[in-house]
Amino acid sequence: SSHSRKLLGLGLLSLCLATAPAYAQLKVLFLGSYSQPGLDNTFADIMTGDARFDLGNSSTFAWADGDLPSLATLNQYDAVLAWTDFSYSTSMSDLLADYVDAGGGVVLSTFWGQEVHSILGGGRLETTGYNPLINSQFDAFSSAILGTYDAASPLFSGVSSLSASFYRGDYLPGLDVGATLVASWSDGNPLLAFNASADIVNLTLNPAAVELGHVTGDYAQLFRNSLAFVAQGGSPAVPEPSTYALFGSVIIGVLAIRRSRRQR
């Protein structure tokens, strides 16, 4: 009957709307230097309260040269946030390049430019096509605030203020081939850029704000947006396949009802 068909359509729609999650949650790894204070506190400070992420299956790893996670370990995560503090390792650079080649996303942050790039000259992640920033400097100790930025970029969704007293800006202007600069510090040095394939972001700020007290403003949102961005290759979150199937069922049900009405 017409009433039964209406109930069927409404039931399918209710099932679709009630099914969660609508988007696949992302698993991330915070890959901080062994000498970086409060790695777990940094993770909690930045990641708490964002439904885009599967925090129960995300983790941290304190790395040092000679004590690196395996590629198999990294491949369990959708994105990795990597930074240094007196840990200089071309092996880490090579490992992250292998991870990106395998489909992962990487966010680099201070002191990557000052230490891995400037001191060592880099490893494979510093070759063309990977790190979007190319002019590192051994200087991350001056203050600056948020300068020019692309407010329409998904990387700056929910971000409008940022102020750092130090531990930031360890690159001078200059981009890798195909890379995109999204934001600069008030002194003109790059704040955030992503590479041509949108699977590496360089965010020139140390993430350990809760321990170091060097930054205020929307830094946590900026890190979260960056991790989501590289995990999805620059694309916005998309519904899971099961959600697509449910929407398809709703559409089929509605079309069947309309077709039945026309045939009366």
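This is a predicted model: local features need pLDDT of at least 70, side-chain atom pairs count only at pLDDT 80 or more; totals for chains, interfaces and linings use all residues.
1. Y167, by contrast, counts as partly exposed at 22%, because burial requires a relative accessible area under 20%.

2. By the ring-pairing rule the structure holds eight aromatic pairs. In one of these, the ring centres of F111 and Y167 are 5.4 Å apart and the planes stand at 75°, so the pair is edge-to-face. F111 belongs to the loop between β4 and α5 (112-117), while Y167 belongs to the loop between β7 (162-164) and β8 (171-175), so the contact ties together parts that are 56 residues apart in sequence.

3. Y167 also pairs with F166, the ring centres being 4.4 Å apart and the planes at 80°, so this pair too is edge-to-face. F166 is partly exposed, with a relative accessible area of 27%, and one aromatic cluster is formed by F111, F141, F166 and Y167.

4. As for the sheet, ten strands form an open arrangement with mixed pairing, in the order β2-β1-β3-β4-β11-β10-β9-β6-β7-β12. Its edges are β2 (59-63) and β12 (215-217), each of which pairs on one side only, and the twist from one strand to the next averages 20°.

5. Within that sheet, β6 (residues 144-149) and β9 (residues 180-185) pair in the antiparallel sense over two bridges, with Y149 opposite A183 in β9. Elsewhere, the charged end of R168 sits over the ring of W185, 5.1 Å from its centre.

6. Two helices deserve a look against the strands: α2 (residues 39-47) lies across β1 (28-33) and β2, running at about 140° to β1, whereas α4 (residues 90-101) lies across several strands, including β3 (79-82) and β11 (200-203), and runs at about 145° to β4.

Conventions. Residues are numbered from 1 along each chain as its sequence is written. Side-chain values use heavy atoms; hydrogens and water are left out. Two strands pair if DSSP finds at least two bridges between them. Helices (H or I, at least four residues) and strands (E, at least two) are DSSP runs, numbered from the N terminus. Axes are lines fitted to C-alpha atoms, for helices over the stretch in contact, and angles run from 0 to 180 degrees between N-to-C directions. Contact means heavy atoms within 4.5 Å. Rings of Phe, Tyr and Trp (its six-membered ring) pair if their centres lie within 6.5 Å; planes under 30 degrees apart count as stacked, over 60 as edge-to-face and the rest as tilted. Buried means under 20% relative accessible area, exposed over 50%, partly exposed in between (1.4 Å probe, protein chains only). A charge sits over a ring if NZ of Lys or CZ of Arg is within 6 Å of the ring centre and within 35 degrees of the ring normal.
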